[in-house]
Amino acid sequence: MPQFTDLFFYALAGLTLLFGFLTVLNPLSRSPVTSAMFLVLTILCMAGLFVLLHAFFLAAVQILVYAGAVMVVFLFVIMLLDLKADQRRHFNKIAVGLGGLSTLAIAGTLVASIVKTIPVSQTAGRLAEGETKALGRLLFESHILPFEILSVLLLVAMVGAILITKKDLR
Amino acid sequence: MEAINYLNPTAQMIIFSALKIGVVFGVVMTAVAYAVLVERKVSAWIQNRVGPNRTAPFFINYLPVIGPLLVRLGIFQPAADGLKFLLKEDFTPSYVRKVYFWLAPAITVIPALLTVAVIPFGSNLGSEKMVIADLNVGILYTFGIVSLGVYGIVLAGYGSNSKYPFLGSIRSTAQMISYEIAMGMSVIPIFILTESLNLSDIIRYQAENGWMIFKQPLAFVIFLIASFAETNRLPFDLPESESELVGGYHTEYSSMKFALFFLGEYANMIASAAMMVTLFLGGWTLPFIDALNLPASSLLLGLIHIGVFFAKMAFFMIVFIWVRWMLPRFRYDQLMDLGWRRFIPLALANIVVTALVVALFNN
């Protein structure tokens, strides 16, 4: 039923954009907790888009890692910080500039990757081997070096975070 | 019944799925109600009391012998409890953040109910598989949904906008995230052995090669203890420890909203019990008898399989309840220590050892 999936795609894509917009600019509330919750909804909708692509593994991991772990920690930190209303209204010019710059960079990367991608979705279909296995093979056979570099990078970040929280190292 | 064969497969699938969802939902809700009763009875017996034995509807006088026995067992107590929750005043304090205050109880219940969707609670009835959604990534789905359950508690604490609920929700966030890691790592050896993330495949593997609890006892112990922490049950019920936090995250809640938290806790227990049965106790299978170990060939066998699954699940529910009334509460630092310094290294070691054994002996 192609019409049904199309309908789901437009609904989910629309919701993703709407929630993403409400994350950044919510007319009703300036509370960072509300922003975080809308980000969670955005992530859930993106997981739905993965399901439509038959990428169940990615959908499950998206929910497990981003919605279930990363965002909970975000929320945790936001609630502990307890920003006052006037602090929230204060705009740092450097921060706005850097934010704009990185947004442009990400947008550029996205547009470039969309333009350069050769559409193969019609022929891709489902993998015979089972997509989790195929993904694992891809990660651990052909892309082992970038994968390991990323792992080490995460480890370094983790050690760094622990180091920063320790005030007196000796 | 004949008419159903003439429908196209999609319509059949929709009808059967709706039917399964309805039945499973009804069964889980009833099980929750009676789990509360069992909890009250077991706690009473452990403390040398009698427990609920008075609730009696008016028609009970017309039933000789059986009627008074049912009353003594408290069979009608859940109905009275439910009615009480519905009829109590639903009080909303003036200082709460309304939207989150209302959302939180719902967010607690929904993930607990969604988890049940991927669990194979029987082999098949006729040609219909006894699982709502036979996902290829069943376990990951469950872990994903379970991890969303934290939001209910976090938002309850934030929405209540007062100190004790806030402290409770902060505690529970840290606790649930910590134990999720241990829990997730404890099941990786199962994937290594079964080479699949599909829960039906895992049951099939156990039917052929013996139950996981004997092959991976360490994983089972970690999973069992972590599920106590994930469901916020004693000895790990620090998010709501009465002696320090009044009632923790649900201090400000009353009436049906409070009942939803209660419902969520028991639905979570049922989901964890079902997961443990599926992952470690072979799901609906029983070893040594071929008819019970293979997918059912008749309706009766199918029903027996479902019965076996529920019996195993009831066993874990009793364990949950039993432990709650036998063990004192942990201190918060002890809880964190256990999670991070004991379980995570143990689970990691278990993964490495299992992987080595499989690599050495399977080639």
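Author: Gladly! From the N terminus on, chain A runs α-α-α-α-α-α-α-α. Please keep in mind that this is a predicted model. The secondary structure of chain A comes to 8 helices and 0 strands.

Reader: What makes Asp6(A) exposed?

Author: Asp6(A) has 11 other C-beta atoms within 10 Å. A residue is exposed if that count is 12 or fewer, so Asp6(A) is exposed. You will find Asp6(A) in helix α1 (residues 2-24) of chain A.

Reader: How much of chain A counts as buried?

Author: The share is 14% of the 170 residues of chain A. To be called buried, a residue needs 20 or more other C-beta atoms within 10 Å of its own.

Reader: Why is α4(B) called roughly antiparallel to α5(B)?

Author: Helix α4 (residues 98-115) of chain B and helix α5 (residues 138-160) of chain B pack at an angle of about 165°. Angles over 145 degrees count as roughly antiparallel, and that makes α4(B) roughly antiparallel to α5(B). By class, the contact of α4(B) with α5(B) has 17 nonpolar, 7 polar and no charged residues. The axes of the two helices are 8 Å apart, and α4(B) passes α5(B) in a left-handed crossing.

Reader: Which residues of α14(B) are buried?

Author: The buried residues of α14(B) include Gly302(B), His305(B), Lys312(B) and Met313(B). Also among them are Phe309(B), Phe316(B) and Phe320(B).

Reader: What makes up the contact between chain A and chain B?

Author: Chain A gives 17 residues and chain B gives 16 residues. On the side of chain A that touches chain B, the largest share, 14 residues, comes from helix α3 (residues 56-81) of chain A. Sorted by class, that side of chain A has 14 nonpolar, 3 polar and no charged residues.

Terms used. Residues are numbered from 1 along each chain as its sequence is written. Chains are lettered from A and ligands numbered from 1 in the order in which they are written. This is a predicted model: local features need pLDDT of at least 70, side-chain atom pairs count only at pLDDT 80 or more; totals for chains, interfaces and linings use all residues. Axes are lines fitted to C-alpha atoms, for helices over the stretch in contact, and angles run from 0 to 180 degrees between N-to-C directions. Helices (H or I, at least four residues) and strands (E, at least two) are DSSP runs, numbered from the N terminus. Angles under 35 degrees count as roughly parallel, over 145 as roughly antiparallel, 65 to 115 as roughly perpendicular and the rest as oblique. A crossing is left-handed if the near helix is turned anticlockwise from the far one by less than a right angle, and right-handed if clockwise. Ala, Val, Leu, Ile, Met, Phe, Trp, Tyr, Cys and Pro count as nonpolar, Asp, Glu, Lys and Arg as charged, and the others, Gly among them, as polar. Two residues are in contact if their C-beta atoms, placed from the backbone, lie within 7 Å.
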